[in-house]
Amino acid sequence: MAELYLFNQDDKQLTIISEDSGLISAPYRIEVNKIPETPFSFTVEADSENAKYVLEENKVVFRDHEGDLRLFVIKELDDSDGMDGALTTATCEPEFLELAEHIILDKRFSDKTAQVALDAALEATGWIGEVEVDLGLASTNFYRMRSVDAIWEIIKVWGGEFKDVVEFDEENNIVARKIKIIQRLGKDTGQRFEIDHNTTEIGRQVLSYPVTAMYGWGASLEIEDEEGNHTGGYSRYIDFGDIEKSIANGDPFDKPKGQKWVGDPEAFASYRRIRDGVELHREGEFYNQDYEDPEELLWATWQHLQDNKHPVVNYRLSVDLLDDKVSLGDTVIAIDRKFSRPIEIQSRIIAMEYDLLDIDGTTVVEMGQFLELGEDRLQELEEEVQKIKDRPKQITEGSYPDIKPGTPVNLETAGGIEVIQLYWEYASNINLKHYEVYGSQIEGFVPDTQHLLWRGDTSAFAHNVGTDQLWYYRVRAVNYHGTPSDWSVQVMGATHRVISDDILFGPELAARLRQLSETAQTIADGTISLDHLDGTIINGNRIHGDLIAIDGTTYIGEGVIGSAAIANAAISRAKLQDAIIGTAQIDDLAVTAAKIASVNADRINVGALRGIDVYGAKFRSSDGLTNLEIIGGNVRLTQSSGQYVNVNPDGLFGYNSGGSQRFSVDRSLVTSAALGTSNSNVYLAPDSTNEVRVVDISSIPSDGVAENYSYRPIRAQGLRFGPGYNGYIGTDREVRITSSAFTQADGSVVYRDLRASVIYGFGFSTNSTNAYIGSDDETRFVNKGYVDGSSGNPVYRNARGYKAYFAGIATNTSAGGTHLYLGANGDIRATGVGMADEGSIIWRRVVAAGFQGNYIEVNPNTNGTHFYVRSNGEVQATASGTTGTYIPIRAASFPTGSMASYKEDIKEWTDSALDIINRSTIYQYRLKREVESGHSRVRQGLVIGEGYQIADELIDGDGVEQYLMNSINMKGIQELDKRTLGHAAEINWLKIENQYLKNRITYLENLLDVA
């Protein structure tokens, strides 16, 4: 019976709803690695007692067809009242979609497992990630990404398939939420669904929108100037027009240089258009601004073309499961030959629908491909562009040549009880990234993502499948550009078949044999006694009561028994009063209060045997397999196998049947395969002045001097020191943490990680070239012993080194710091990452909001002569701490760039400069800044402001443009000079006229004198 467990928002269980308590229906749909539009809903009688718990944001848990617990949240409610009565329908969504509300700012992974990425995606969400398959190593990043999108990214990069489940405790409380990535949903069953057999309805839908050629557009790159500096602009979207590919060179397609699209010849042959005798491609576009390398963009576009070059086909079947079980992801066969174009396909089940109230009778499955109906491509592209804005640059492996890897060869399989081991010849190509193993239980399968079993960089794979399994495998190699090799040949592997009576004889015969075996055992263990044989005739002789009649006349009463065997007989004294017993064998004889002077017997069974001394050779066990004897001062216990143990005052010694020693325990040495206890701790207890040593057994015995022993490793799960004490690891040289082999066959050492809370030491050095200090956030240098969670505030310490490489340096506000100090005995220099105190130096820019110093000068270590101050606006000199209080600039000269090449629309200015000058008044004034500083002086100049006379042509914002004013003054001087020249001519003419007049006067005066 289907049951729905209802919880409130805090995971408190409210009630359980079933058919008996008002549940009407519970349709459920699942899809492979997708979320259906309506994955789950349920309808209850609105007037039922439990309907009051069907509220928005409450939670629902149920078991699916595989028995897994699935968790949903009620998002929509629909109340209705009609012919069926008052009903409430709840529409739900999976609770794991809450991961869409958790943002990952920046997580990067290089050659990591899918488990590492999944743990990062689910960090601080309350969900647990479990990757149940080895998907190898891969690289990606989560940048400003939702956790739910990060899960899809993991599946896209590493592979595998997805399932979300929860776990209950014994009281049906939710105790764990899990996101599982498994090898694949379902399996290859070979199951057939045929119309009129186990399928009541089958349908096929085809959407034919194939693409035969694809344009690819990648990132828009920043534009740089000749010096490599960003100009602030961006290029057009990159394409792969400059890339050339050729099938003759091993590429999967031809693309000439200059062609900005890539075509698929197979798709072109099938779906080309012919217009006016010309064959035309069906073209599409691929956008992804993650790609900054044209080569990678080309391969991504080619792969997108492969995904869109065929029509999409979807099959929908209503199946009658009965005893057949089917799961999401199973590879099955669907057959219906009633169409003129028969349906005969082998494909995966990509979706299932059923009602929880009747799973077997309502199951509908879909096979083939999902149909994207009503898709708005323009909107999708807009969303994609918006999504990829601000993403970081993609980490590429484009330095490797894109050469198609060779096909894996020499595949071999070895079957075990539950594991099939697959081997092949390892290729040492430098461009080989990993291998992929695909498998199926169907011979001749066509490899697809559903068949991917493993991805890794070794040439062996162990497949855990269980007993009596038959599998088929194919392998391919993949390079760093994602280019795969051809498929290997198919090989077969099988695990061992465990033989049982049912398999060997068949179930019915095996059951009969077990019954006969039980009967035989009943007879053997004495369950049938003489009482059961009373009155029985055996070979003509009758057995009755206490008498045995032979030939019907002879009775044994006071007879003579010769060489007879009487087993378990109770013979009274009367019976034996006149009896004669010759050479009789009496088994289990009970003798009461008898006096036996001497006994000569091979075996005597007694309840107790008392005496002062016992002399004899051996004491044997009742089964005859073990004996105990005393030989030459040893008490020896011997088994039927010949192995024996000697115990003597020196110790305990075990030997094999041939006499070689198996173990020993004496005062100096204990030799054994293991020492342990089942009910307590194991103690190795030296006295207070000595130690526990693990040495080569050949070193024992010795003189006790530590240097005279050969020491051996200790292997354990962990090491604990005495409670409340420090732990010490003492060595005369280094403490090294290495692989379990310590050194490799070639003498090299593989070092392992050390994880601890705090490490104290005088120094730290790396085993390789670089030293790495890993942290999820900051690396802090603080007082000894302080860690996250310690009480109080840390005391920050100095860091001293030769060079430091950082993405940024900031002041430590936690230490009360405000300023950032860079201390040097010489210069503080901004250089390339290589840095240098001498030789060739690559100089870099310093970008900041401000700079305070006594001077700025050109770098004398370069070939530079001029000093450049660059700005998108003006260069303004103001008083310290201000942006509006200007200060003088003093220099030898202030040339202004005035080349014709800097200007356009050049023509002579003919307006009057003197008019501009005469419309401006020169004032005297004091600068407020100088008055406030106590160095006031009277200055003369122009003043901009209301009530002050200044020509508009001279004003530039809140100042006067000096170059403009100089130019106006120059033109004013030219105008004055022109005027002056005119005045000079007039003066000269006046002088001539004056001289003429003077001469005239002199002439007249002379005439008067004569007269």
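Visitor: In this predicted model, does Arg 712 count as buried, partly exposed or exposed, and what is its relative accessibility?

Guide: Arg 712 counts as partly exposed, at 43% relative accessibility, because that value falls between the cut-offs of 20% and 50%.

Visitor: With which residue does Arg 712 form a salt bridge?

Guide: Side chains of opposite charge can pair when their charged atoms come close. Here the partner is Asp 696, with the closest N and O atoms 2.4 Å apart; the two residues are 16 apart in the chain, both in the loop between β45 and α9. Asp 696 counts as buried, at 16% relative accessibility.

Visitor: Turning to nonpolar residues, which members of the largest nonpolar core touch the most other members?

Guide: In soluble globular proteins, nonpolar side chains tend to be buried together. The largest nonpolar core has 26 residues, and Leu 118, Phe 142, Ile 151, Ile 154 and Ile 179 touch the most other members. Helix α2 gives the most to this core, with six residues.

Visitor: Where is the pLDDT below 50?

Guide: One such stretch is residues 369-382, which has 20 contacts in the model beyond near neighbours in sequence; residues 572-580 also stay under 50, with four contacts beyond four places in sequence. The protein averages a pLDDT of 79.

Terms used
Residues are numbered from 1 along each chain as its sequence is written. This is a predicted model: local features need pLDDT of at least 70, side-chain atom pairs count only at pLDDT 80 or more; totals for chains, interfaces and linings use all residues. Side-chain values use heavy atoms; hydrogens and water are left out. A nonpolar core is a set of buried Ala, Val, Leu, Ile, Met, Phe, Trp, Tyr and Cys residues joined through side-chain atoms within 4.5 Å. Buried means under 20% relative accessible area, exposed over 50%, partly exposed in between (1.4 Å probe, protein chains only). Helices (H or I, at least four residues) and strands (E, at least two) are DSSP runs, numbered from the N terminus. pLDDT is the predictor's confidence in each residue, from 0 to 100. Contact means heavy atoms within 4.5 Å. A salt bridge is a side-chain nitrogen of Lys or Arg within 4 Å of a carboxyl oxygen of Asp or Glu.
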